[in-house]
Amino acid sequence: MNLRGTLLDVGEVRAVSTQYGERDLVEMTIRPDEDGVAAGDDAVTVTLWGKWTHTADHAAAGMDLLVTAVEENEFRGERGYATSGDSYVVLEPDFLVDVTDVRSWVQCPRMYYLNKLSGVPLAYPVVKGTIVHEVFGDLLRGRDLDEAVADHVEAAGLELGLLGREAQEVRDEVRRNAAAIEGWLAQGTLTEEDDWRSEYTLISPTFGIKGRADALRRGMPVELKTGKNTNREPRFQDKIQAASYALLLGESGDPPDTGTLLYTKNAALDRNEETGDLSPAKEFSVGRGLLEFVVRTRNEIAAMEAERDVPTGYEADAKCEYCFEQDTCMVVSGRLDQESKAGQVGTAIPEDERDYFEAFYRAIEDERRAVHDEYRKLWEQSAEERADADRALIDLAPPSAAGSCRAATGNSARASPTVRCRNSARATLRWRVRATPSTATPNSAASSRFPRRWSSTRTNPSTCAASTCTPPNSPSPGS
Ligand code: SF4
């Protein structure tokens, strides 16, 4: 039983004695939604226990609150609700936080903000990482390693040329990274019964999180990292990323209990020079505590966005001297006159220019929320409603039913020849390529990469209801 509504009042956290010892609690007053638990009540109290009291540090009146698996109780004749051992508390569930943002936030909340301001830099580790990820996907689909490496290095030719890299040098390096994956895939623990899926897109209406897992093996998330890690344990932020996917996978059943990180550079290290655990694959247990931590972290982001706050870096324990974003962080703080744990450098830009920046920043955030509204239609509308709104194709037939696919756009005159094709898989793919996301411009670097991106992420039947597809104009999961 889930309870959802608008927060009217956030109480004070206090400790009480219980039969299990002293525990913290906080009482929240909400106005329940009209179509859920306690509908019709003007206000009800929900008691959050234990670590869920953390919500009180970030919640404010007016925010949307969801408590799953609530228990109903009665105190002095008044009905109330409380978290149970199975509950999750979600602030602003309609705000979709990306898994990679949860990862950035645990590194430092200000890093999450800086990532929003700057695009992905044209840097060799980034380009190489993209190539290795694409080769990884190809290997899972059974493609030949050399062929996959050659194709993806060629496809990234423009970026590599701008970076002054030689194709052969890159092919060798990618092959060394990818060979580690290939070797790991071939290990005895992975038999022919292994069940693999690559690039698995997940969106959770309950937790307000979305993301794309690099791969799933027997239903467990596997994340690929092209750096090295010679510790026995995966890095904490990497664990959080994989645990986030486990949480999303668990929304429709039991969450996976194991996550795997593959550090591909480990296999390319010289064993005479490096010490530590050089094995690329590192597994870890995904327990309930880790899953709750993911949700609490996600709540911090959603609350910060609802309040339109700018993180300073003081919210976390990250050490600025070890941070690779330190220079950017200080310059942004100095130019925009923001408080930052790293300090400021430079002179602030004039006030009217800062106002202009703020207005633009707010407009972009408003647009992001509008995009989230579109995402929500995936589960709030039926396939037919989405098709009527020109947001989906339905009734596509498999290739054997040649010529029978049709576009259910609600207006048959608008069904293009591409859609009226003989091969439904091709119809889906071509339709998606035509639906250029609004963030791409014809001459942007992003648009030049679209065909490759789309072709590697085309609709996966297991993540898309059998008769529906992602709506046009939906941005990539990273948006
Ligand atoms: S420099 Fe410090 S405050 Fe800035 S992002 Fe890095 S850790 Fe956070």
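How many residues does helix α6 have, and how far does helix α6 reach from its first C-alpha to its last? The legends below begin with that helix.

**View 1. Helix α6 and its cover.** Helix α6 (residues 167–186) has 20 residues and reaches 27 Å from its first C-alpha to its last. That is close to the 28 Å expected at 1.5 Å a residue, the expected span being 1.5 Å times one less than the number of residues. This is a predicted model, in which local features need pLDDT of at least 70 and side-chain atom pairs count only at pLDDT 80 or more, while totals for chains, interfaces and linings use all residues. Residues are numbered from 1 along each chain as its sequence is written. Helices (H or I, at least four residues) and strands (E, at least two) are DSSP runs, numbered from the N terminus. The buried residues of α6 are V170, E173, V174, R175, N177, A178, A180 and I181. A residue is buried if 20 or more other C-beta atoms lie within 10 Å of its own, exposed if 12 or fewer, and partly exposed in between, with C-beta atoms placed from the backbone. The cover over these α6 residues includes α3 (124–140), α4 (145–155), α5 (157–162) and β13 (258–263); contact is counted if the C-beta atoms of two residues, placed from the backbone, lie within 7 Å.

**View 2. T130 in helix α3.** T130 is located in helix α3. T130 counts as partly exposed, because 19 C-beta neighbours lie inside 10 Å. T130 and H152 are 22 residues apart in sequence, and their C-alpha atoms are 9.1 Å apart in space.

**View 3. Helices α7 and α8.** The axes of α7 (residues 236–249) and α8 (residues 288–306) come within 9 Å and cross at roughly 95°. That makes α7 roughly perpendicular to α8, a term for angles of 65 to 115 degrees. Axes are lines fitted to C-alpha atoms, for helices over the stretch in contact, and angles run from 0 to 180 degrees between N-to-C directions. On the α7 side, I240, A243, S244, A246 and L247 meet L290, L291 and V294 of α8. By class, this contact has seven nonpolar, one polar and no charged residues. Ala, Val, Leu, Ile, Met, Phe, Trp, Tyr, Cys and Pro count as nonpolar, Asp, Glu, Lys and Arg as charged, and the others, Gly among them, as polar.

View 4. The 19 residues of α8 should span 27 Å at 1.5 Å a residue, and the end C-alpha atoms are 27 Å apart, which agrees. Buried residues in α8 include F293, V294, V295, T297, R298 and N299. Among the elements that cover the buried residues of α8 are β8 (89–91), β9 (97–98), α1 (99–107) and β11 (209–217). α8 is followed by R308, whose phi is positive, near 55°. R308 lies in the loop between α8 and α9 and is exposed, with 10 other C-beta atoms within 10 Å.

**View 5. The shell around the ligand.** Of the 14 residues around the ligand, C108, G313, C320, C323 and C329 come nearest. A residue is near a molecule if its C-beta atom, placed from the backbone, lies within 6 Å of it. α2 (109–117) and α9 (326–336) each supply at least two residues of the shell, and the largest share, three residues, comes from α2. The shell has eight nonpolar, three polar and three charged residues.

How values were computed. Parallel < 35°, antiparallel > 145°, perpendicular 65-115°, else oblique.
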